[in-house]
Amino acid sequence: MDNITSQRADKIRRMESLTETPVLIVGGGINGISTFRELALQGIPVIMVEQGDWCQAASGALSRMIHGGLRYLETGEFSLVKESVQERDRLLKNAPHYVAPLRTTVPIDSWSGGLVNAGKRFLRLSERPSRRGALIIKTGLSMYDLYTRQYGSMPRHQLNGDTATRQRWPDFADWVKCSATYYDGWISAPERLGVELVNDAEQANPQALALNYVQLVASDGETLTLRDKLGGHTFTLRPHVVVNATGAWIDRLNSTLRQPAKSKNLIGGTKGSHLIIRHPLLLAALNGEMVYYENKEGRVCIMFPWYGNVLVGSTDIRIDNPDDVACSADEQRYILQSLKFVFPHIAVKDEDVLYTFSGVRPLPASDTEVNGRISRNHTLVLLPPDATRYYSTLCLVGGKWTTFRKFGEQAADKVLKLLGRTRNVSTGDLAIGGGRDYPLPERKTAWIQLVSRQSGLTAERVGQLLTRYGTAAAPIAAFMVSEPDSPLMHFADYSRNELRYLIHHEQVQTLEDLLVRRTPMAIGGMLTAERVQELADLVASELGWDATQRAQQLDTTLSRLASLHGLTGLYPLHVQEGSRHASQS
């Protein structure tokens, strides 16, 4: 049995031997992971299971923004803005390897437009979206500055007249009369940050166990039956508290957990889709900034540079089934049309779209007619034990990426109260993963040179690792030189040992885990048929797959990349040729 499979089997044996656990978290998205870390750091022997991979669903389909929630001011959610600004700045400090400031520009079509409708929306007299003029936007940004000065550290906003706007943004549409500029944040590797949080928790508390690809399949009201989706093995646990952190699947899991059949639904999710576009002219126009813009009907969209390409989104569509959502042709058309509304002279075509991704926001159930008006705040819903159910169930409803730490803290405090325990560790100032001891800009060169001398790798290579993994670059570099290494034949930017480290230390169980979530290869538009084949060989070698297992993994991964992300050209050439001939005949 290979080392990685042995590690997984050992975890499952440990879970089986427990029989009982004080806390079982179901759902390994960012909020479940945050709650897991919070409880683990308090010394609780908490268990977390996820039916897929960490941050695979909505937590991997975010807009890649870490923001204070400017538009929540319009709906009067001031406490959410305050919390978001605080948590944004905490992430800038605690995860500087992945979270960075992002200069943002808002194009504006008038000075006084939208005043009446804005007032109606604030007073809950109207839900109809409308375009906002400079006075409304300046008022909102001035309030935003107050929160930032009190709770954050970003520069103040600026309002730019027509001349200044045209000098900086000559490609803006003629309707743009002025613009506003402010700062928020963005995250380069959200799925990696989730994995780092899991690893930090398990390292801090060896009794805390987290396993991906484990599904809760049944409950008799006292014990829960779990199934290892990779090996098919089932086992049972008797929890005192179940944390339902399954996001858009909350109501479905509650049914499995034997909640009353007539229980009110907690989730009314909306689907959000994004595009990754390869377009040098559009990328040059953005020049490192984000454009936060309104389309014709007043719905907010974003675009900003992303791994040498451009990220554009998003949609906001009610959806009932959260399984395997994908960006539709209509959504892609809508996003490209909204982009053309801002940059009418930059022609972006369907063939410029490299990658699409989509997820279901786990928003609270709402009867509002406008999806954008549904609160992005988070709430905890406690379902106490009853005559048919031994355990308490704590449901994590709503939330957004920026505030995951605070939501996890609140959920953990509720669980601690149920267990009769108290908090002894705060995570407010706790660095995450490769953000620990991250060098200040003026110290980066010295840090890189030190690790270069210690490892024998070039300074350029260490700098590349620092960008990808933060200070975790040091143990990765040591692993890379511990035995013979070589660049990938079809992707020299990565070496075999670099990827072997991720496979061995980050619970990689499938080829998709590596391509989509441990690295930016898929979303960054870096995959080719040859690279996927080579990476399949590497993962198969490390996980001990035979030829049949490798073929199955490759086929599943290619199928999902095509159906969920629009990557249809990654099949081996002979397969593509066969498909082409079949379609022609």
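A residue is called buried when its relative accessible area is under 20%, exposed when over 50%, and partly exposed in between, with a 1.4 Å probe and protein chains only. By this criterion, buried residues account for 57% of the 585 residues in the protein. The model is predicted: local features need pLDDT of at least 70 and side-chain atom pairs pLDDT 80 or more, whereas totals for chains, interfaces and linings use all residues. Residues are numbered from 1 along each chain as its sequence is written, and side-chain values use heavy atoms, without hydrogens and water.

The protein contains 19 helices and 18 strands, taken as DSSP runs (helices H or I, at least four residues; strands E, at least two) and numbered from the N terminus. Its C-alpha trace spans about 70 × 60 × 60 Å along the principal axes.

Rings of Phe, Tyr and Trp (its six-membered ring) pair if their centres lie within 6.5 Å; planes under 30 degrees apart are stacked, over 60 edge-to-face, and the rest tilted. The count under this rule is 13 aromatic pairs. Two stacked pairs are listed below.

| Pair | Centre to centre | Angle between planes |
|---|---|---|
| Trp169 and Phe172 | 4.9 Å | 5° |
| Trp175 and Phe341 | 4.8 Å | 20° |

Trp175 lies in the loop between helix H6 (162–168) and strand S6 (178–187) and Phe341 in helix H10 (residues 329–342), so their pair ties together parts 166 residues apart in sequence. Both Trp175 and Phe341 are buried, and both Trp169 and Phe172 are buried. Elsewhere, ring pairs join Trp186, Phe304, Trp306 and Tyr307 into a cluster.
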